[in-house]
Amino acid sequence: MLYILTMLDFRMMLDKRELRKEKVREAIKQAALKIAENEGWQKVTIRKIADEVLYTPPIVYEFFKNKDDLYRHLVKDGFELLNQAIFSKVDKKETVEEKLFAIAEERFDFVTEYQTLHHMMFDAENPEWQKREIIKSMKAVSELTEGLLAEISGNTAQAHEYFLNMVCLIKGYVYFHKQISKMPVKMKRRLLKDRKNIKPMFLDAFKRFINSIKNQE
């Protein structure tokens with residue numbers, strides 16, 4: 001009996017093929033991040049990525065034009081991940097202050113969990129396209145944050161300045177966190193004293209910042 005390939009069968013075949021392709025694509029991205037974490041992005045090559053995922057370089061080139069193209073995809077993925085995490089956490093909060101703390105905490109946690117990716121997104125010596133990507137990708141979060149700061153302070157005119165202060169506060173502690181992570185254990189203990197990590201210090205500082213701008217009409 002002749003088997004007739006139905007439209008449903010055809011779609012299932014396509015779905016499985018796309019799923020396999022997506023798994024390979026993700027494996028390539030993760031391999032690139034792993035190499036970057038261990039050796040730095042400058043040492044990442046298509047050959048090393050191919051060896052890591054047990055494929056040949058031509059397979060990698062089927063998914064990404066070159067190393068720069070892969071970098072762009074990783075950066076865009078990172079911003080999508082960060083935005084999703086922030087808005088998901090904010091949506092679960094009720095008060096303005098809770099929402100602001102959610103934004104700050106998620107921003108800090110992202111660095112802790114995705115330090116290499118964060119560096120690629122924000123701190124590397126980036127070309128112009130990436131500067132534009134930061135502005136575009138963080139636009140929604142920036143507008144949300146500035147609106148919340150205006151609301152909690154009661155001072156719309158100063159909201160942008162408060163937003164810049166908040167950014168500087170976060171970046172300062174993010175930088176401190178990255179520097180501490182490179183230090184010997186004894187030096188870390190001396191700096192942090194009775195704290196296991198820098199996050200409680202950051203949250204305390206952020207609380208003082210919020211208290212300082214409340215009802216500044």
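How many nonpolar, polar and charged residues does the lining of the second largest pocket have? The structure examined here is a predicted model, in which local features need pLDDT of at least 70 and side-chain atom pairs count only at pLDDT 80 or more, while totals for chains, interfaces and linings use all residues. Residues are numbered from 1 along each chain as its sequence is written, and side-chain values use heavy atoms, with hydrogens and water left out.

The lining of the second largest pocket has 11 nonpolar, 3 polar and 4 charged residues, where Ala, Val, Leu, Ile, Met, Phe, Trp, Tyr, Cys and Pro count as nonpolar, Asp, Glu, Lys and Arg as charged, and the others, Gly among them, as polar. The space in this second largest pocket comes to about 440 Å³, and of the 18 residues that line it, Phe122, Met138, Ser142, Phe163 and Val167 are the closest to its centre. A pocket is an open set of points on a 1 Å grid over the protein atoms alone, where a 1.4 Å probe fits, with protein on both sides within 12 Å along at least five of seven lines, and lining residues have an atom within 4 Å of a point; the volume is the space filled by probe spheres set on the points, which are joined across faces, edges and corners. At least two lining residues come from each of helix 5 (96–113), helix 7 (128–137), helix 8 (139–153) and helix 9 (159–181), and helix 9 gives the most, with 5 residues. Helices are DSSP runs (H or I, at least four residues), numbered from the N terminus.

A search of the whole structure finds 9 aromatic pairs, that is, rings of Phe, Tyr and Trp (its six-membered ring) whose centres lie within 6.5 Å, with planes under 30 degrees apart counted as stacked, over 60 as edge-to-face and the rest as tilted. Phe110 and Tyr114 form a tilted pair, at 4.9 Å centre to centre and 40° between the planes. Phe110, at 2% relative accessibility, counts as buried, whereas Tyr114, at 28%, counts as partly exposed (buried means under 20% relative accessible area, exposed over 50% and partly exposed in between, with a 1.4 Å probe and protein chains only). The rings of Phe206 and Phe209 have centres 5.9 Å apart and planes at 45°, so this pair is also tilted. Both residues lie in helix 11 (residues 199–213), 3 residues apart, about one turn of the helix, and Phe206 is buried at 0% relative accessibility, as is Phe209 at 11%. Ring pairs link Phe206 and Phe209 with Phe101, Phe108, Tyr173 and Phe202 into a cluster.
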